[in-house]
Amino acid sequence: MSQIEERPHLSGWIGTVLSASDARQLAYFYRDLLGWPLASDEPDWCTMQIPGARANLAFSSEENYAPPAWPNGPGEAHMQLHLDIGVCDLDAAVADAQRLGARLADFQPQDDVRVLLDPAGHPFCLYVDAD
């Protein structure tokens, strides 16, 4: 195992940005899904602080946004990342996500995880968090 080096030039904060044709619509979806308030709310840029973490989720409008394909095939937009979200009740969490505008992906690679697509087409996973 390698030794972790200290990086004094880094602040310890990190963010993840999801692109969409409408940043605000996507931000409101995740705000309602996760129950976390938005820290900034502009038409083309919204941020959401992750409670208890030095991290946030941000949402950016992109004029030529194309949703990733799941699963992707040759020549299709590849998924660059996805969010894993721990839940206590998988069926209830899936139903809530769908009520908010998510749709269940056709391809489900695991029995104990549900892959959904957010309103902008980003795949995200709901799984039972045993901890």
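Is Cys88 buried or exposed? Cys88 counts as exposed, because its relative accessibility is 80%. The cut-offs are these: buried means under 20% relative accessible area, exposed means over 50%, and partly exposed lies in between, with a 1.4 Å probe and protein chains only.

Keep in mind what kind of model this is. It is a predicted model, in which local features need pLDDT of at least 70, side-chain atom pairs count only at pLDDT 80 or more, and totals for chains, interfaces and linings use all residues. Residues are numbered from 1 along each chain as its sequence is written, and side-chain values use heavy atoms, with hydrogens and water left out.

Now take the chain as a whole. It has 131 residues, and buried residues make up 33% of them. Its C-alpha atoms fill a box of roughly 45 × 40 × 35 Å along the principal axes. The chain exposes about 8,500 Å², and carbon and sulfur atoms supply 50% of that area. Such areas come from the Shrake-Rupley method with a 1.4 Å probe; for residues, only the protein chains shown count as cover.

The chain holds two helices and eight strands. Both are DSSP runs numbered from the N terminus: helices are H or I with at least four residues, strands are E with at least two. From the N terminus on, the order is β-α-β-β-β-β-α-β-β-β.

Next, the sheets. Strands of a sheet pair through backbone hydrogen bonds, either parallel or antiparallel. Here, two strands pair if DSSP finds at least two bridges between them.

S1 pairs with strand S4 (residues 55-61) in the parallel sense, over seven bridges. Ala20 stands opposite Ser61 in S4.

Look at Asn56, which lies in strand S4. Asn56 is buried, with a relative accessible area of 12%. Leaving aside neighbours within four places in sequence, Asn56 is in contact (heavy atoms within 4.5 Å) with several residues, including Trp13, Thr16, Thr47 and Ile50.

Another open sheet has four strands in the order S5-S8-S7-S6, again with mixed pairing. Strand S5 (83-87) and strand S6 (103-104) are the edge strands, and each pairs on one side only. S6 and strand S7 (residues 113-117) run antiparallel, joined by two bridges. Arg103 has Leu117 in S7 as its bridge partner. Helix H2 (residues 90-100) lies across S5, S6, S7 and strand S8 (123-128), at about 150 degrees to S8.

Finally, back to the cysteines. How many disulfides does the structure hold? There are zero. A disulfide is a pair of cysteine sulfur atoms within 2.5 Å. For Cys88, the closest cysteine sulfur is in Cys125, 17 Å away, so the gap is too far for a bond. Cys46 is buried, with a relative accessible area of 0%, whereas Cys88 is exposed.

Methods. Axes fitted to C-alpha atoms, helices over the stretch in contact; angles between N-to-C directions.
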